[in-house]
Amino acid sequence: MKRVGIFGSTGSIGCSTLDVLERHPTRFRVEVLVAHGRVEALFDQIRRFRPAVVGLVDSSRREALLSRLAELPAAERPELVVGQREADALAGGENLDVVVAAIVGTAGLQSTWNALHAGKRVLLANKESLVAAGDLMMDVARRSGAELLPIDSEHNAIFQCLPMGSGERCTDPAEVESIVLTASGGPFRDWPAKRFPAITPEQACAHPNWSMGRKISVDSATMMNKGLEVIEAARLFRIDADRIEVVVHPESVIHSMVRFVDGSVLAELGEPDMRTPIAHALAWPDRLDSGVRPLDFHALNGLHFERPDFARFPALRLAFDALRAGGAAPLVINAANEVAVAAFLDGRLTFTGIPAAIEASLEAMTAADRVAVPESIDAVLALDAEVRAWTLDWCRSARMTTAGG
Ligand code: NAD
Ligand code: MG
């Protein structure tokens, strides 16, 4: 029986994970649930899964949760831990075998780090951890013996297609020519650039193939999500930017591919449903029923492929630039993106203001010589806070002018 902790349990990935776990009550036990502040959703999960410990990050919601927990018989009430640091600490607890890192954004860094440091099997959805602190995360995982398994669908697909090298996935250029990340292209794939400034948050969050949280939905719409995934892949599979291809594939049936030197290309296909990569990483190296319906080839209307358009989607180009620049440049674009996306969702920034904010932040941090790679998680979080503050100011002034506001 594996004991599982889900960090970000009330989100899209958290709920998909619980759906898979519910099918296998004899193999997994939900030991820990952590959420930010959605008490009703969290309480519903507590009733269904009876975790031993619950982490609530937003302390202002404590009383609301306590009053709901009082409805349960005393013996069924979980231990309640309140606060960010306290909830993050649960990820390293001895009561867990598996940690699902499903918090959105930089808020997920510390718990991911704690789980890797403690040598857990970590199912990584929080790509921001690898973008902002990739080398640190990979190093700590190697030292502790943690199993870092990607559940981002592209990286999970590549993980499945890559051969096994000495203890880890092999991207040796003698064997692997390149990895090919597929991208749906998002809701504005075929929109003309002139319509982009008027795009609303509702339009940006209506993804054609995947149902996801609002931040990653906007990232998909700007194609920053693919940019973050290029960096995530570079860190996970130790491969440089020149050997990472991006192909737009609107059907999202091929989740990604590996191109070998002999001309073979291996792909992983399936329904676009996150329960497949989640079940894969839960059971690896075994296989587990995920509840995902089988792919029906006869219902497909063909598979299509296009080149990404770096002119309409500059965020993707900026991510490649940041990966090539190295140092803290990926951290900078990740932090700037998060602030810009929040401003866009709040109606404080236009859609085209998002890549503009990222580019301005990267230029400013480079000019200020703030792009040396931070050497600890604390230093990562400090630089992240600095970039956020700078980008927030930029978004405020962009609003006054027409440039990005
Ligand atoms: P979401 O917005 O649906 O859920 C986010 C979760 O994080 C919620 O449970 C929320 O309570 C929790 N959270 C937010 N701030 C927190 C904090 N400070 N401390 C603790 N918990 C906090 O997001 P999502 O779509 O599930 O995405 C989660 C992560 O997975 C993101 O990094 C995203 O890029 C990645 N991812 C998501 C998908 C997908 O299909 N949704 C696919 C691939 C990767
Ligand atoms: Mg993905």
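Colleague: How far is an oxygen atom of ligand 1 from a polar backbone atom of isoleucine 13?

Modeller: This is a predicted model in which local features need pLDDT of at least 70, side-chain atom pairs count only at pLDDT 80 or more, and totals for chains, interfaces and linings use all residues; side-chain values use heavy atoms, leaving out hydrogens and water. Residues are numbered from 1 along each chain as its sequence is written, while chains are lettered from A and ligands numbered from 1 in the order in which they are written. A polar contact is a pair of N or O atoms within 3.5 Å; within protein, one must be able to donate a hydrogen and the other to accept it, and residues adjacent in sequence count only if both atoms are side-chain atoms. Between the oxygen atom of ligand 1 and the polar backbone atom of isoleucine 13, the distance is 2.9 Å.

Colleague: What share of the area of ligand 1 does the protein bury?

Modeller: Accessible areas come from the Shrake-Rupley method with a 1.4 Å probe, and for residues only the protein chains shown count as cover. Ligand 1 exposes 820 Å² when taken alone. Of that area, the protein buries 88%.

Colleague: Which side chain has a polar atom 2.7 Å from an oxygen atom of ligand 1?

Modeller: A nitrogen atom of ligand 1 is 2.9 Å from an N or O atom in the side chain of glutamine 84. The 2.7 Å distance, to an oxygen atom of ligand 1, belongs to glutamate 128.

Colleague: Between which domains does ligand 1 lie?

Modeller: A residue counts as near a molecule or strand if one of its heavy atoms lies within 4 Å of it, and there are 23 residues around ligand 1. Helix 1 (12-22) and helix 6 (127-144) each supply at least two residues of this shell; helices (H or I, at least four residues) and strands (E, at least two) are DSSP runs, numbered from the N terminus. Domain bounds come from an automatic or database domain assignment. Because both domains give residues to the shell, ligand 1 lies between domain 1 (2-150) and domain 2 (170-272 + 281-299).

Colleague: What spacing do the donors of the magnesium ion (ligand 2) follow along the chain?

Modeller: Donors are N, O and S atoms within 2.8 Å of the metal (3.2 Å for Na, K and Ca); water is not among the atoms, so sites may look incomplete. Here Asp152 (OD), Glu154 (OE) and Glu229 (OE) coordinate the magnesium ion at 2.1 to 2.2 Å. Along the chain, the spacing is D-x1-E-x74-E.

Colleague: How many residues apart in sequence are the parts that glutamate 154 and glutamate 229 tie together?

Modeller: Buried means under 20% relative accessible area, exposed over 50%, and partly exposed in between (1.4 Å probe, protein chains only). Glutamate 154, at 8%, is buried, and glutamate 229, at 1%, is buried. Glutamate 154 is in helix 7 (residues 153-161) and glutamate 229 in helix 10 (residues 224-237), so the pair joins parts whose separation in sequence is 75 residues.

Colleague: Is methionine 223 buried or exposed?

Modeller: Most residues other than glycine have a negative phi. Methionine 223 has a positive phi, near 70°, and sits in the loop between helix 9 (214-222) and helix 10. With a relative accessible area of 3%, methionine 223 is buried.

Colleague: Which residue's side chain does the side chain of glutamate 271 contact?

Modeller: Glutamate 271 is in the loop between strand 11 (265-269) and helix 11 (275-283). Its relative accessibility of 16% counts as buried. At 3.3 Å, the side chain of glutamate 271 makes a polar contact with that of arginine 293.
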